[in-house]
Amino acid sequence: MNIKDVVAVVTGGGSGLGAAAALALAQRGARLAIVDLDGEAAERSARRVNGLAISCDVSSAEQAEAAFATVEGELSTARILVNCAGIAIAGRTVSKDGPHPLDKFRKAVEVNLVGTFNMIRLFASHAQEAEPLEGGERGVIVNTASVAAYDGQVGQAAYAASKGGIVSMTLPIARDLSRAGIRVATIAPGIFRTPMMDVLPEEAQQSLGAQVPFPPRLGEPEEYARLVCHIVENQMLNGETIRLDGAIRMAPK
Ligand code: NAP
């Protein structure tokens, strides 16, 4: 899909990987809607890309429906959806404090997996009604999983389950939406320098970066954003998850 002039919705677009993806799409001529739980972050990011800010919890059916109605009314039918909204929840299955709190496990799945599916189903219901573009294409969806979907570490059962679900649903969703000319692909990032990582001391970040075979550093959000743009532009990419990780395979801890 040619990115120029099409409407793109980026969830989690107020921060980190989402903000970088929004900027890269805007630089290639897309018109942006920035969806984020953090309304102020959405506003800041939207100002940077001359886009629309929408405060929304991606796991809420009502809020997400309202968000797509706003996009449709203010911009036009969205053709690109980038799902970046996510939370990192950590905790062992059983720790010295007892069994993993079930509500924390549910929360990770609710935001990361259910939230991603919620946005996909609503995006596709709008996009399938739009006129086909070049090659019969109506929409492109890019999801964000994690290498934890494959090599989840100690304390990552909830996070890995939520991200593994995103990887697993990528192919069936691509199959479901093929009739409408809507593609879906997922990126599984390794370790990227974003506010999610900023909570760690610089020393810990450097140590994490040094574990990456090559290049031995953290990924930059712009590198993630370039892959988002490539997926949008390359029509043969569909139903697949791409690891973007410098060949890292996470150790147990
Ligand atoms: P980030 O800087 O924390 O950005 C995530 C954004 O999503 C935040 O603005 C956050 O708002 C928002 N968000 C959280 N829950 C939401 C909800 N229910 N509805 C709407 N927005 C919500 O994190 P990031 O590092 O850019 O991560 C982006 C995605 O990449 C996440 O899915 C993450 O799991 C994945 N990922 C990141 C890395 C990495 O190394 N950074 C590696 C692998 C995968 P609040 O600040 O208000 O919570």
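Predicted model: local features only at pLDDT ≥ 70, side-chain atom pairs only at ≥ 80, totals over all residues.
Which backbone oxygen does the side chain of Arg138 reach?

1. The side chain of Arg138 extends to the backbone oxygen of Ala180, at 3.2 Å. Arg138 itself is situated in the loop that lies between helix H4 (102–127) and strand E7 (139–144).

2. Although Arg138 is buried, it has no salt bridge. Glu131 is the nearest side chain of opposite charge, and it is 6.5 Å away; a salt bridge would require the charged atoms to be within 4 Å.

3. Apart from neighbours within four places in sequence, the contacts of Arg138 include Ala180, Gly181 and Ile182. Also among them are Met1, Arg79, Ala127 and Gln128, together with Ala130, Glu131 and Pro132.

4. Helix H2 comprises residues 39–49, and Ala41, Ala42, Ser45, Ala46 and Val49 are buried in it. Viewed down the axis of H2, these buried residues fall within an arc of 130°, and therefore they line one face of the helix. An α-helix has 3.6 residues a turn, so residues three or four places apart point the same way.

5. The buried residues of H2 pack against helix H1 (16–27), strand E2 (31–36) and strand E3 (52–55). Glu40 and Arg47, on the other side of H2, are exposed.

6. Asn50 follows H2 and has a positive phi, near 55°.

Definitions and conventions: Residues numbered from 1 in each chain as written. Heavy atoms only, no water. Helix = DSSP H or I, 4+ residues; strand = E, 2+ residues; numbered from the N terminus. Buried < 20%, exposed > 50% of the residue type's maximum accessible area, 1.4 Å probe, protein only. Lys, Arg positive; Asp, Glu negative; His and termini not counted. Polar contact = N/O pair within 3.5 Å; in protein donor to acceptor, adjacent residues only side chain to side chain. Contact = heavy atoms within 4.5 Å. Arc of directions from axis to C-beta.
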